[in-house]
Amino acid sequence: MRAHFIEGRDFEVFLEAMIRERRVIGPVAKKRKFVFGELESPGDLRLDHDVTILPPKEIFFPPAQVIARFDGDSVQSCTQGVETVLFGVHFYDVKAIDQLDFLFRENNADWDYLCQREATTIVASNIQSVSPRAFWSSVGAEVQPQGHDAFMTKIERGYVFETRTPKGESLVALGTFRDATAEEVQEAQRANAEAMNKCAETLPYSSDEIAERVRDSFGNEKMWDALADKCFSCGSCNMVCPTCYCFDVSDSWNLDQRSGSRTRYWDACLTREFAAVTQAGGVTENFREQRGDRFRHRFMRKATYLNEKLGGPACVGCGRCSQACTADIADPVRVITTIMEWKS
Ligand code: SF4
Ligand code: SF4
C-alpha cells in the first residue's frame, strides 16, 4: 500500500482524466438526497453525501438484470462487465460489498455478479456528513473493510489517496500526485477517527452478545408480533439494504413460444409472498405466514445466522432501512435494543 497526495486544485483534472478513460460511478445529488450515478463531469461528484438511497451493490447486482436469452435449446448469457471506477464509497458500504463478494463466490460462483465486480475498481472515501439514522461506528467493529482498491481522505489542502491494490495504484497515473507526508497521513487518520464519534445512534452491545440474545429470543412470539405490529410487509427495508442479496428469477417468452429472456429481480423476505411455495395440486404453503415470522427472519439473518460465515453481523449500520420504513419500525438499533432489554 502507498500513500499519495493530490492538491485540492488538481482534483478536478484527475477526475476529468478518469471520466475520459472509463465509466466512473459515484454519489450524485438527486433532489435533496443522493444516489450512485455515472459522472458526466467532475462537478457531479458529491463526496459530502451522507448516505445514498440505494447502496452501491446495484452496480454489480442490479435490481432487475437480464441474465440470459434463450431460443429453443440454445441459451446465451447476457452478462458482460464494463470497466468501471466506483468512486466515493463509504467504508460501511465497502464492508457490505465484502459480504456479497464472499456470498456470491461461495459454492457455485455467481458470474452474473462477479463479472461486473471484477471489472470494477473501488475508491472508498472518508465520511464528511453523517446520516441521521446511521450507526456504523458501533456495529461489527471486529470486521474491517477490504474490498476497496484505494481509500481517499479529504484533508485541509487536498486528498490523501492510499492505494491497496495494483488497480488502485494504476489510477495515480491519471493525476498530479506526489507521496503523502507522514503529517498528511496522520491528518487523514485523525479525520477518519473523528468521523467515528459522529453517529447519533449507537448499539452498546458486542456482536456476540447480540447474536446470542437474538437467537435465544427465537421462540418469543409475543415480542416478534409486537415488533412487527405496524409492518406493512412492503419490503422497503430489504430493498435499500446493502447486505440483502436474495433474488427471484422470471422468464419472459416471445410470441413464437420458443425464445425469450430470463431476468433476476431483487426479492424481499419481509413481503408476504416471499416464503410462499406451490405444492402438488396447486396448493400454496407459506412457511412465514405472519408478519412477526418475517420480521424475526430478517433479524435472525442480520444478527445471528450469517455471523459464522461472515465473521460478524450482516448489518453494516448504514441506517437506510430506518429511513426507508414508512412505519418507522425497521431501525436495527431500536429493534436490537428492545430485544436486549425485553423482560418476559
Ligand atoms: S420497511 Fe417497515 S413496514 Fe416495510 S416491510 Fe420493512 S419493517 Fe415492514
Ligand atoms: S439492516 Fe439496515 S442498517 Fe443494517 S445494513 Fe441493512 S439497511 Fe443498513
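Predicted model: local features only at pLDDT ≥ 70, side-chain atom pairs only at ≥ 80, totals over all residues.
A crossing of two helices is called left-handed if the near helix is turned anticlockwise from the far one by less than a right angle, and right-handed if clockwise. Residues are numbered from 1 along each chain as its sequence is written, and chains are lettered from A and ligands numbered from 1 in the order in which they are written.

Let us start with a pair of helices. Helices (H or I, at least four residues) and strands (E, at least two) are DSSP runs, numbered from the N terminus. Two packed helices are described by the angle between their axes and the distance between the axes. Here, helix H6 (residues 207–216) and helix H9 (residues 291–305) have axes that come within 8 Å and cross at roughly 140°. These axes are lines fitted to C-alpha atoms, for helices over the stretch in contact, and angles run from 0 to 180 degrees between N-to-C directions. The H6 and H9 crossing is left-handed. On the H6 side, Ile-210, Ala-211, Val-214 and Arg-215 meet Phe-299, Met-300, Ala-303 and Thr-304 of H9; being in contact requires C-beta atoms, placed from the backbone, that lie within 7 Å. Sorted by class, this contact has six nonpolar, one polar and one charged residues. Ala, Val, Leu, Ile, Met, Phe, Trp, Tyr, Cys and Pro count as nonpolar, Asp, Glu, Lys and Arg as charged, and the others, Gly among them, as polar.

Now step back to the whole chain. It is divided into domain 1 (2–67 + 78–195) and domain 2 (207–245 + 268–341), with bounds that come from an automatic or database domain assignment. Taken over C-alpha atoms, the centres of the two domains are 28 Å apart. Their contact takes 24 residues from domain 1 and 20 residues from domain 2. On the domain 1 side, the residues divide into 15 nonpolar, four polar and five charged.

What lies inside? A nonpolar core is a set of buried Ala, Val, Leu, Ile, Met, Phe, Trp, Tyr and Cys residues joined through C-beta atoms within 7 Å. A residue is buried if 20 or more other C-beta atoms lie within 10 Å of its own, exposed if 12 or fewer, and partly exposed in between. The largest core has 65 residues, of which Ala-124, Trp-136 and Phe-161 touch the most other members. Helix H2 (residues 91–105) gives the most to this core, with six residues. Apart from it lies another core, of 12 residues, including Cys-244 and Cys-321.

Most residues other than glycine have a negative phi. Lys-31, however, has a positive phi of about 50° although it is not a glycine. This lysine lies in the loop between strand E2 (23–30) and E3, and Lys-31 is exposed, with 6 other C-beta atoms within 10 Å. Asp-328 also has a positive phi, of about 55°. Its place is the loop between helix H11 (320–324) and helix H12 (332–341), where Asp-328 is exposed, with 12 other C-beta atoms within 10 Å.

Note on methods:
Contact = placed C-beta atoms within 7 Å.
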